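Trainee: I have a new structure open and would like to talk it through with you. Could we start with the overall picture and then go to single residues?

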Amino acid sequence: MKDPFATGALDNATESGLTLCVLASGSRGNAIYLSNGTAAILIDAGLSGKELQRRMAVKGLDPAGLDAIIVSHEHTDHIQGVGVMARRFGLAVHISGETLRGSRRALGKLADVRPFRCGQPFSIGDLSIHPFSISHDAIDPAGFTIGCDGFKVGVATDLGVATSVVRTHLQECDALVLETNHDPQMLIDGPYPWPLKQRIRGRSGHLSNEDAALLLEALYHDRMGHVVLAHLSEENNTPDKARQTLASVINGGITALHVASQTDGTCV
């Protein structure tokens, strides 16, 4: 994968044929674009439809070329733009049945709903999607791996703990989008009320830099070309702290570390 900041994501498709672009990541909205050139998806659409289209345009991506949106869970920062984008561009929405029941009002009318169940793979074109259960305070939250032509991308954000299910599904990823939500000391010393701090630190909250590093250490192999650090708290973390903590796992290897910001995302 190559960094497409200067020339747009489509001009710098990965050597695998996959384009991976985090459009936004954080508590104010999340969306990930992935395409192999024939099929294109959004994983979550947690910004307004207008803002999603703007960010895609900035990175040289055409929303009219999308095939589907996959929804990880029902929190607003992951579904705000799902209904608008699905209706505007005629997109299928892949969502678990329980998440759909918990978000019907927010999503509005959807013409093409395709329920999935964690643990049961499905396809969008020639992209193979494997949803798996994660630990978060949502109804039926999911992480995903996406495979195509032997290349595997893992997406694991909004999880309070890396369970054995998470570790199993994320084995042998070539690229990984991994939550590094908070620095534990910054969270403790920060302005949040204590109940919210406890929620973030809990098993159904968000992954710290240190816990993300432990997970990466368990998953790391010499073909993992890219790791995107995602869902950083703007109050309880910094890009430098997240990068430094996980860089120790790579220890001079060839893996590129990218930090996805709330305002700019990142493409790899």
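Trainee: Of the contacts in the protein with a separation of 6 or more, what percentage is between residues 24 or more positions apart?

Mentor: Please keep in mind that this is a predicted model. Residues 24 or more positions apart account for 62% of those contacts, counting the ones with a separation of 6 or more.

Trainee: And how many helices and strands are there?

Mentor: The protein contains 10 helices and 14 strands.

Trainee: What is its radius of gyration, and what would a compact globule have?

Mentor: The protein has 17 Å, which agrees with the value near 18 Å that a compact globule of 268 residues would have. Taken along the principal axes, the box filled by its C-alpha atoms is roughly 45 × 40 × 35 Å.

Trainee: What share of the residues counts as buried?

Mentor: Of the 268 residues, 57% count as buried. As for the surface, the protein exposes about 11200 Å², and carbon and sulfur atoms supply 49% of that area.

Trainee: Changing topic, how many positive and negative side chains are there?

Mentor: There are 23 positive and 29 negative side chains, and the centres of the two sets lie 7 Å apart.

Trainee: Now the strands. What is the order in the open sheet of seven strands?

Mentor: The order is S6-S5-S4-S3-S2-S1-S14, and the pairing is mixed. At the edges are strand S6 (113–116) and strand S14 (266–267), each of which pairs on one side only.

Trainee: How do S3 and S4 run where they pair, parallel or antiparallel?

Mentor: Strand S3 (residues 40–45) and strand S4 (residues 68–70) run parallel and are joined by three bridges. Within this pair, isoleucine 43 has isoleucine 70 in S4 as its bridge partner.

Trainee: What about histidine 231, where is it found?

Mentor: Histidine 231 is found in the loop between strand S12 (226–230) and helix H10 (239–250). This histidine has a positive phi of about 55°, and at 3% relative accessibility it counts as buried.

Trainee: And histidine 258, which residues does it touch?

Mentor: Leaving out residues up to four places away in sequence, histidine 258 touches His226, Val227, Val228, Leu229, Thr266 and Val268. Its place is in strand S13 (residues 256–259), and with 11% relative accessibility it counts as buried.

Trainee: What does S11 pair with, and in which sense?

Mentor: S11 pairs with strand S10 (residues 151–156) in the parallel sense, over four bridges. To locate the pairing on screen, look for glycine 154, whose bridge partner in S11 is leucine 176.

Note on methods
Residues are numbered from 1 along each chain as its sequence is written. This is a predicted model: local features need pLDDT of at least 70, side-chain atom pairs count only at pLDDT 80 or more; totals for chains, interfaces and linings use all residues. Side-chain values use heavy atoms; hydrogens and water are left out. Helices (H or I, at least four residues) and strands (E, at least two) are DSSP runs, numbered from the N terminus. The radius of gyration is taken over C-alpha atoms; the globule rule is 2.2 Å times the number of residues to the power 0.38. Buried means under 20% relative accessible area, exposed over 50%, partly exposed in between (1.4 Å probe, protein chains only). Contact means heavy atoms within 4.5 Å. Accessible areas come from the Shrake-Rupley method with a 1.4 Å probe; for residues, only the protein chains shown count as cover. Lys and Arg count as positive and Asp and Glu as negative; His and the chain ends are not counted. The place of a charge is taken as NZ of Lys, CZ of Arg, CG of Asp or CD of Glu. Two strands pair if DSSP finds at least two bridges between them.
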